[in-house]
Amino acid sequence: MARKNTIDGYRVAVNHHLIPGLGAHRLEKLQPEHLERFYKKMQDSGSAAGTAHQVHRTVRTALNEAVRRAHLTVNPATIAKAPRLEEEEVEPYTVEEVQRLLAEAAKHRNAARWVIALALGLRQGEVLGMQWHDVDFELGVIRVRRGRLRPRYKHGCGDRCGRKPGFCPQKINTRRETKSAKSRAGQRPIGAPDELMELLRRHKEAQARERALARDLWTEKGYVFTSPVGEPLNPNTDYHKWKELLKAAEVRDGRLHDARHTAATVLLILGVPDAVVDAIMGWEPGKSARMRRRYQHLTSRVLKDTADKIGGLLWGNDSAQAVGGSLSGASQSPVPAELMVHVARLGERRVPFLRREHAAEVVAQWSEDWPDRTAEVEEWDRGRWERNGPGGVRAVRDRMPERTVVFHARALFLPSGERDSTALPEQWSVPAWEFETDAYTSRSSVWRTARLPGAGQEVEANARGTDKAAVETAFAEACAQAVDRAQCPGKYGDTDDW
């Protein structure tokens, strides 16, 4: 490699574009005071101390490469006084703010993305780079392997559009989508609470519905969080979604990284062992002690109470034991003691909610659908629901359930293939909530046939779904098969004669 006489010539060693102002100095004449003046000039011009400090680290690494290649005998950057870096105060969100954020997130796509940020503290790139094969539902483990990179574009129009490359209608991404985690600490498995794994299951089902809706527009890349057509989320778009979430939830403005601060602070204050905290947060052994100190100075009584609430609300007792063993001072329930469980009593069914307005909305809609049935909101304290409530704490919902009108069609056919007359209606519709698993469906139509037990051996045709026209079409297909099944029972395994 030809000798390079400027610092700029060594940027390949660290993959950074250095500030052009240093390129005027020949390596052999570069002095520590040159660097110190340059850092001060940067800060006087408005650059943050962190930016100047990052430049210092980059210059030091580049000049170490020059020393290694014998172009310098001493690295002046190791002598120069580094810019003073004052670490920002960590201010985690309180339990009330977390609750409002999660309640608002549940109204939007990719709600699990924000739960992961607040509960596990994954970095933005780690969440956006996560793929489905990184999620082990059987073991309840999420494996962090890679990070999402910010796209870098160039013009695809030959620079004729007059816009920046990122806004070019024919822009071309020149950067790969992800890169592997840069350290062994960054590549890590994380035990996830059962509630979070269930949320991811529901998210995967919702993604499957989006895939079916997008049809040939969908690009399958295996990412957990995607656009409506399967592409990985853009970090810049994700950042603005976070800001919109804060505003909609009426929560104080903060950085996306503050969600990670919240999770880290809770883990430390809850008494999770240091080694487990390091593993969850992805802190390297040489830096973990310094990082823990940044968070542990917040252990005031107020934050202790907040941590107890967040730990119970987001992890629950069983999940916390799985992540960190015995947690000193942790809440023994997934619902904080001062929170009530708001139960929608619908006839003989009880559906619990964290928020009273959700229970009240379900009761109001139920009363409108079924005016002759009992519907009211009950207030249960946490202990009573844990002991006596159907499903226990895991049944408590933090979002509104979905409701739809389900259309039904039914007919019976005699062994001859003739339709049997019956007093039951042939077609009807009923409203159903997603917690009514025996009545609810999200599919536009589905049909089946079955031979009924008993002496008559009638064949039943059924169709149901949310689209009336689709159900009628499906019902016609079901009736056609039912006639054939009635006349040819062996063909469908109803007898051995075929």
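The questions and answers below concern a predicted model of a single chain.

Me: What share of the residues of the chain count as buried?
Reply: In this predicted model, the chain has 16 helices and 15 strands, and it exposes about 26,700 Å², of which carbon and sulfur atoms supply 49%. Of the 498 residues of the chain, the share that counts as buried is 44%.

Me: Among contacts in the chain between residues at least 6 apart in sequence, what percentage join residues at least 24 apart?
Reply: The contacts considered here are those between residues at least 6 apart in sequence.

Me: Is glutamate 378 buried or exposed?
Reply: Glutamate 378 is found in strand β10, which covers residues 375–381, and, leaving aside residues up to four places away in sequence, it touches Val341, His342, Val343, Arg345 and Arg350. Its relative accessible area is 14%, and buried means under 20%. Glutamate 378 is therefore buried.

Me: Which side chain does a polar contact of 2.9 Å join to that of glutamate 378?
Reply: Glutamate 378 lies in strand β10, and its side chain takes part in a polar contact of 2.9 Å. The partner in that contact is the side chain of tryptophan 380.

Me: Why is the pair of tryptophan 380 and tryptophan 385 edge-to-face?
Reply: The structure holds 6 aromatic pairs, and in this one the ring centres of tryptophan 380 and tryptophan 385 are 5.0 Å apart. Both tryptophan 380 and tryptophan 385 are buried. Planes over 60 degrees apart count as edge-to-face, and the pair is edge-to-face because the planes of tryptophan 380 and tryptophan 385 stand at 80°.

Me: Are the rings of phenylalanine 38 and tyrosine 39 stacked, edge-to-face or tilted?
Reply: Phenylalanine 38 and tyrosine 39 are both buried, and the centres of their rings are 6.5 Å apart. Planes under 30 degrees apart count as stacked and those over 60 as edge-to-face, with the rest tilted. The planes of phenylalanine 38 and tyrosine 39 are at 55°, so the pair is tilted.

Me: Over the ring of which residue does the charged end of lysine 204 sit?
Reply: Lysine 171 lies over the face of tyrosine 153, at 4.5 Å from the ring centre. For lysine 204, the charged end is 5.1 Å from the centre of a ring, and that ring belongs to tryptophan 132.

Me: Which residue of β7 is the bridge partner of valine 141?
Reply: Strand β2 (residues 141–144) and β7 run antiparallel and are joined by 4 bridges. Strand β7 (residues 188–191) has a covered face with Arg188 and Ile190, while Pro189 and Gly191 make up the uncovered one. The bridge partner of valine 141 in β7 is glycine 191.

Me: Which residue takes a positive phi in the hairpin of β8 and β9?
Reply: Strand β8 (residues 340–346) and strand β9 (residues 349–353) run antiparallel, with 5 bridges joining them, and leucine 346 stands opposite arginine 349 in β9. The hairpin has 2 residues between the strands, and the positive phi, near 65°, belongs to glycine 347.

Me: What separates the C-alpha atoms of alanine 111 and histidine 203?
Reply: Alanine 111 lies in helix α6 (residues 111–120) and is buried, with a relative accessible area of 18%. Not counting residues up to four places away in sequence, alanine 111 touches Ala105 and Ala106. Alanine 111 and histidine 203 are 92 residues apart along the chain, and the separation of their C-alpha atoms is 8.0 Å.

Notes
Residues are numbered from 1 along each chain as its sequence is written. This is a predicted model: local features need pLDDT of at least 70, side-chain atom pairs count only at pLDDT 80 or more; totals for chains, interfaces and linings use all residues. Side-chain values use heavy atoms; hydrogens and water are left out. Buried means under 20% relative accessible area, exposed over 50%, partly exposed in between (1.4 Å probe, protein chains only). Two strands pair if DSSP finds at least two bridges between them. A polar contact is a pair of N or O atoms within 3.5 Å; within protein, one must be able to donate a hydrogen and the other to accept it, and residues adjacent in sequence count only if both atoms are side-chain atoms. Contact means heavy atoms within 4.5 Å. A charge sits over a ring if NZ of Lys or CZ of Arg is within 6 Å of the ring centre and within 35 degrees of the ring normal. Accessible areas come from the Shrake-Rupley method with a 1.4 Å probe; for residues, only the protein chains shown count as cover.
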